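The notes are rough, in the order I took them.

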Amino acid sequence: MPSNPEIVVTNKHNSAFVQLPTHRRIALLTSGYSTPFLAKTAISLLRYRTSDMVGVLEEQATVKTTGELLGAGGNLPVFPNLSDIDDIDSLYIGIAPPGGKIPQEWRSVICNALGRGIDIVSGLHEFLSEDPEYVALAQANDCQLYDVRRNRFKNTATCRNFPKECTRIHSVGHDCSIGKMVSTLEVQRGLSAKGYRAKFLATGQTGIMVSGEGVPIDCVVADFVNGAAEDLVARHEDQEFVLIEGQGSIAHPAFSAVTAGLLHGCAPDGLIFCYEAGRNAVKGFDGIPIVPMDQQLRAFEVMANLRHKCKFIGVAINTRTLTAEAAAAEVERAEREFGLPACDVYRDGADKLVTAAEQLRASIMSAG
């Protein structure tokens with residue numbers, strides 16, 4: 001291994017905060033894994049950073065556009081080989097597979113990219129910067145390896161008293177991979193469009209790649225999760241709104257700890273409850289039923305209020321498996337059941353949730 005590999009390693013210091021460079025010519029690598037479940041990182045980048053995307057590298061593709069391949073990105077091209085892609089500044093790993101390993105069959109593609117001086121960005125649990133061959137190639141060709149999840153944060157929370165002028169809204173949900181990131185992004189966009197200083201705070205690898213910064217909360221040591229979330233909000237407490245991306249679920253058998261740490265670390269004023277219509281079993285645990293949503297809402301609210309006064313302000317429903325008619329009926333049912341404004345931000349836009357956020361802020365600012 002080269003004597004100074006730190007030059008190609010992100011998060012060198014005692015910080016969980018990641019800030020990526022401003023890549024503007026990005027190719028996405030999903031080869032052999034181009035499915036909605038595995039390539040969700042690529043899909044989000046195609047949707048939210050379309051202008052920065054050059055296309056997708058998929059050696060097995062039988063289609064020509066990313067819209068056909070992944071349902072996002074429109075007419076951006078699908079490339080069968082890295083050699084077909086000109087003038088790119090970075091190659092982003094576009095998948096999030098179980099276990100977080102980089103596919104072994106991708107080694108030659110990554111090495112070829114590094115040999116061309118192209119930065120590699122990965123949000124997986126297996127770190128590029130711990131591979132001697134990748135490090136040597138990056139150093140030799142004056143390019144960088146960015147491991148989004150790598151961090152050395154070791155600070156506990158301080159129970160920071162955030163200013164009331166910074167309205168904190170946090171997305172939570174009944175399970176994993178249901179749209180918490182998308183919901184917070186869409187509300188942030190809606191608030192910004194109305195002239196507010198509003199910031200999306202990413203807490204997962206895909207959100208960090210989309211926004212260019214954030215905290216990989218699921219790779220922070222357990223004792224320091226609250227502190228990392230607190231630090232993330234503190235960096236942006238000059239905003240009128242911060243929209244904090246949620247992770248896991250308070251009732252998830254594997255990931256409830258990070259959910260609780262986020263709730264207490266970011267001390268939200270308001271919560272948006274997210275769920276996928278029709279999902280009944282816990283992701284990753286076939287046959288384990290999801291805890292009823294009314295119980296989860298009570299648990300989230302109790303847990304949040306142990307740290308800071310908080311309430312639910314709306315519901316974001318993922319209706320991807322429903323027809324338009326069934327989706328509209330589900331939104332109406334949710335509003336009746338929960339007594340909160342509800343919508344599918346994909347189908348309906350986030351206007352209801354944006355209005356709820358404004359109303360929350362007005363009530364906080366008018367309180368004595």
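This is a predicted model: local features need pLDDT of at least 70, side-chain atom pairs count only at pLDDT 80 or more; totals for chains, interfaces and linings use all residues.

**Entry 1: helix H8.** I started with H8, residues 256-266. How many of its residues are buried? I get 8 of the 11, so H8 is largely enclosed by the rest of the structure. I wrote down the buried ones: Val 258, Thr 259, Ala 260, Gly 261, Leu 262, Leu 263, Gly 265 and Cys 266.

**Entry 2: H8 against H9.** The axes of H8 and H9 are 8 Å apart, at an angle of about 50°. That angle makes H8 oblique to H9. I noted the crossing as right-handed. On the H8 side the contact uses Thr 259, Ala 260, Leu 263 and His 264, and on the H9 side Phe 300, Met 303 and Ala 304. Sorted by type, these contact residues come out as 5 nonpolar, 2 polar and no charged.

Entry 3: Ala 267 follows H8 and sits in the loop between H8 and E12. Its phi is near 45°, positive although the residue is not a glycine. I flagged that because most residues other than glycine have a negative phi. Is Ala 267 buried or exposed? Its relative accessible area is 1%, so I logged Ala 267 as buried.

**Entry 4: another positive phi.** Cys 159 has phi near 60°, again positive in a non-glycine residue. I found Cys 159 in the loop between strand E7 (145-147) and E8. Its relative accessibility is 53%, and the cut-off for exposed is over 50%, so Cys 159 counts as exposed.

**Entry 5: H5 against H12.** Then I looked at helix H5 (residues 180-193) and H12. Their axes come within 9 Å and cross at roughly 65°. That makes H5 roughly perpendicular to H12, and the crossing is right-handed. From H5 I listed Val 187, Gly 190 and Leu 191; from H12, Leu 353, Val 354, Ala 357 and Glu 358. This contact divides into 5 nonpolar, 1 polar and 1 charged.

**Entry 6: the nonpolar core.** Which residues of the largest nonpolar core touch the most other members? I got Leu 28, Ile 110 and Ile 120, out of 76 residues. Helix H12 (residues 351-366) gives the largest share of this core, 6 residues. I followed up on Ile 110: leaving aside neighbours within four places in sequence, it is in contact with Ile 93, Ile 102, Ile 120, Leu 128 and Tyr 134. For background, nonpolar side chains tend to be buried together in soluble globular proteins.

**Entry 7: a glycine in H6.** Last stop was Gly 207, in helix H6 (residues 205-211). Its relative accessibility is 0%, so I put Gly 207 down as buried. What does Gly 207 touch, not counting residues up to four places away in sequence? I have Met 181, Phe 200, Ala 202, Gly 212, Glu 213 and Glu 245. I also noted Ser 44, 163 residues away along the chain, with a C-alpha separation from Gly 207 of 8.3 Å.

Notes. Residues are numbered from 1 along each chain as its sequence is written. Side-chain values use heavy atoms; hydrogens and water are left out. Buried means under 20% relative accessible area, exposed over 50%, partly exposed in between (1.4 Å probe, protein chains only). Helices (H or I, at least four residues) and strands (E, at least two) are DSSP runs, numbered from the N terminus. Contact means heavy atoms within 4.5 Å. Axes are lines fitted to C-alpha atoms, for helices over the stretch in contact, and angles run from 0 to 180 degrees between N-to-C directions. Angles under 35 degrees count as roughly parallel, over 145 as roughly antiparallel, 65 to 115 as roughly perpendicular and the rest as oblique. A crossing is left-handed if the near helix is turned anticlockwise from the far one by less than a right angle, and right-handed if clockwise. Ala, Val, Leu, Ile, Met, Phe, Trp, Tyr, Cys and Pro count as nonpolar, Asp, Glu, Lys and Arg as charged, and the others, Gly among them, as polar. A nonpolar core is a set of buried Ala, Val, Leu, Ile, Met, Phe, Trp, Tyr and Cys residues joined through side-chain atoms within 4.5 Å.
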